[in-house]
Amino acid sequence: EKEREKEREREREREREQEKRERDGEMAEYNVKVKWGKEVFKDVTLNTGEDPDVFRAQLMALTGVPADRQKVVVAGKKVGETWEGIRLRKNAVVLLMGTAEDLPAEPVERPRFLEDMTAAELGQASATSVPSGLANLGNTCYLNSCVQVFRRIPALREALRAYSSGDGPDARLVAVLGQELQRLEKAGGAPVTPFPLINQLYTVFPDFAERKEGSAVPMQQDAEECFSRMVSVFDRCLGRADGAAAPVVRDLLAGDMRVTFQCSESEQEDASASSETFFKLRCHIGKETAFLLQGLKDGLQEHITKHSAVLGREAVWEKKQRIARLPEYLVVQLVRFYWKPGQDGKPGNRAKIVKPVEYPEDLDVYDLCAADLQEQLKPLRKQLEELVEKRLGFEKRKAKGGAVAAEGEAGEKGKEESAEGGDPMDVDIPGNTGHYQLSSIITHQGYSAEGGHYVAWTRDDDGSTWYLYDDEKVTPQKWETVKGLARSTGDGPIPYLLVYRTKDHSKAPTPATKK
């Protein structure tokens with residue numbers, strides 16, 4: 001709340017600065033006309049306090065012309081890497097030159113409508129249909145992405161769909177979301193228009209409905225902030241299916257963190273320890289951060305300044321955090337936005353870190369756990385390792401022998417495997433071993449936190465297929481494409497929020513699991 005209040009104060013300061021500039025004739029933000037060929041776009045916001053690349057991203061969203069193909073001219077001068085030398089005024093004409101991406105070719109086969117299909121064709125179409133998406137109601141891609149991620153957490157999805165009680169705005173938001181999830185399941189691939197959901201979201205979080213002056217469309221919001229706020233609402237409203245008092249969210253998304261403080265300047269100062277609940281881990285991205293696990297480790301240890309009773313003054317303390325209880329679903333935020341102070345009288349703004357960070361499909365968080373939790377995990381991890389070795393031996397025998405010709409030999413092998421505990425494929429590992437599998441990703445495309453575009457990438461419930469949810473457009477994706485997002489930079493879709501689920505070891509483990 002303190003951080004949000006600081007952000008609101010900075011926004012008010014920017015507004016006061018802009019008002020002063022308007023009075024002095026030095027506006028930082030202008031409504032301009034963009035002329036592209038025969039098309040004219042009116043009231044396009046151009047902010048000279050931001051890099052020209054941010055404006056180019058806006059032009060790409062309007063026209064489809066990629067930033068590297070754009071030539072932007074104002075009053076006969078080409079816009080370069082800065083706004084230096086560019087004189088602007090209200091309703092100035094901005095000339096855009098460049099060609100948009102190629103339009104998709106006309107399909108070779110004419111589309112077949114449902115009413116024209118035979119029973120067999122309807123069955124095949126139903127089997128291969130994709131899930132339904134959500135219509136964008138004006139900068140609502142951040143909400144659409146969050147909903148699709150919530151949808152891929154089965155226990156949460158069922159709790160939301162079953163929710164029908166409770167009074168107040170929070171309860172109504174949960175009930176409306178549950179109704180929208182039901183509509184998505186019944187839509188059969190057709191997009192759903194979530195008017196009730198966005199209206200109730202604006203009621204609970206009025207700041208999400210803020211508009212720029214003169215604009216009828218609410219501003220773009222931060223998907224991670226929307227995700228976290230909605231999880232807090234779920235935590236307050238949703239009880240467990242068995243009727244227990246503990247919210248279902250605590251079982252699914254919350255873990256416990258053990259926090260210790262040790263004074264770095266005095267050995268006589270006693271260390272202190274406490275326990276905190278967490279709903280996400282943060283991966284801070286520094287110059288040396290190249291891999292997710294390293295960023296998480298760095299984020300769990302830092303130096304802070306606080307009062308020392310022994311020294312009688314402010315001192316440097318080491319703050320160390322370790323996971324004391326693991327959640328079923330682990331949410332990881334890649335911290336990509338930060339406040340960039342203004343220079344030369346220009347207002348500051350939220351800047352974006354576009355540095356690539358590699359993330360694994362299978363994440364092992366054992367090294368992030370407290371010592372006592374590691375001791376609890378060791379028996380399960382040892383059992384898993386033995387299962388992997390048994391599986392490898394089973395596969396080697398199959399590969400070496402092929403089809404066993406002699407029934408007697410086959411019978412002896414069957415007895416031997418039965419004595420060892422049966423088919424290694426059928427062995428289950430109960431409990432969380434510290435291994436997680438990637439379930440969902442929310443990416444952000446664009447250079448500005450106040451703009452750009454969010455989409456969700458999720459696995460289906462059985463984990464066999466990935467889908468890209470780009471508002472109402474939903475398309476199947478290969479894992480290679482999803483994995484390649486880690487290398488995305490610039491104006492591409494860059495991972496911002498990752499959701500990992502506890503790895504299901506009831507399925508046959510592979511050498512990659514051991515690795």
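Modeller: Before we look at any helix pair, please keep in mind that a helix axis is a line fitted to C-alpha atoms over the stretch in contact, and that an angle between two axes runs from 0 to 180 degrees between their N-to-C directions. Please also remember that this is a predicted model.

Biologist: OK, so at what angle do H5 and H6 pack?

Modeller: Helix H5, residues 154–162, packs against helix H6, residues 169–186, at an angle of about 110 degrees, and their axes are 7 Å apart. Angles from 65 to 115 degrees count as roughly perpendicular, and H5 and H6 are therefore roughly perpendicular to each other. The crossing in which H5 passes H6 is left-handed.

Biologist: And which residues make that contact?

Modeller: On the H5 side they are Arg157, Leu160 and Arg161, while H6 contributes Val174, Leu177, Gly178, Leu181, Gln182 and Glu185.

Biologist: Is Ala171 buried or exposed?

Modeller: Ala171 is found in helix H6, and because its relative accessibility is 4%, under the 20% limit for a buried residue, it counts as buried. If we leave aside the neighbours within four places in sequence, Ala171 is in contact with Tyr163, Ser165, Gly166 and Cys237. Arg236 is 65 residues away from Ala171 in sequence, yet their C-alpha atoms are 8.8 Å apart in space.

Biologist: What about H4 and H8, at what angle do they pack?

Modeller: Helix H4, residues 141–151, and helix H8, residues 223–237, pack at an angle of about 50 degrees with their axes 9 Å apart. That makes H4 oblique to H8, and the crossing of this pair is right-handed. In H4, the residues Tyr142, Leu143, Cys146, Val149 and Phe150 meet Ala223, Cys226, Phe227, Met230, Val231 and Phe234 of H8.

Biologist: Which residues of H7 are buried?

Modeller: In helix H7, which spans residues 195–204, the buried ones are Leu197, Ile198, Gln200, Leu201, Tyr202 and Val204. Their cover includes H4, H6 and H8.

Biologist: Switching to sheets, what is the strand order in the open sheet of five strands?

Modeller: The order is E2-E1-E5-E3-E4, and the pairing is mixed. Strand E2 (39–47) and strand E4 (77–78) stand at the edges with a single partner strand each, so one side of each is left without a neighbour in the sheet. Helix H2, residues 52–63, packs on this sheet and touches E1 (29–36), E2, E3 and E5, and its direction makes about 155 degrees with that of E2.

Biologist: How many bridges hold E3 and E5 in their pairing?

Modeller: Strand E3 (residues 71–74) and strand E5 (residues 93–97) are paired over four bridges in the antiparallel sense, and Val74 has Val94 in E5 as its bridge partner.

Biologist: Where does Glu81 lie?

Modeller: Glu81 lies in the loop between E4 and E5, and because its relative accessible area is 76%, over the 50% limit, Glu81 is exposed.

Biologist: Last one, how many residues of E15 are buried?

Modeller: In strand E15, residues 435–445, ten of the eleven residues are buried, so the strand is largely enclosed by the rest of the structure. E15 runs antiparallel to strand E14 (residues 362–364), with three bridges, and Leu363 stands opposite Tyr436 in E15. Eight bridges join E15 to strand E19 (residues 494–502), again antiparallel, with Tyr500 in E19 as the bridge partner of Leu438. E15 also pairs with strand E16 (residues 453–459) in the antiparallel sense over six bridges, and there His444 stands opposite Tyr454.

Conventions. Residues numbered from 1 in each chain as written. Predicted model: local features only at pLDDT ≥ 70, side-chain atom pairs only at ≥ 80, totals over all residues. Heavy atoms only, no water. Pairing = 2+ DSSP bridges. Helix = DSSP H or I, 4+ residues; strand = E, 2+ residues; numbered from the N terminus. Contact = heavy atoms within 4.5 Å. Parallel < 35°, antiparallel > 145°, perpendicular 65-115°, else oblique. Left-handed = near helix turned anticlockwise from the far one by under 90°. Buried < 20%, exposed > 50% of the residue type's maximum accessible area, 1.4 Å probe, protein only.
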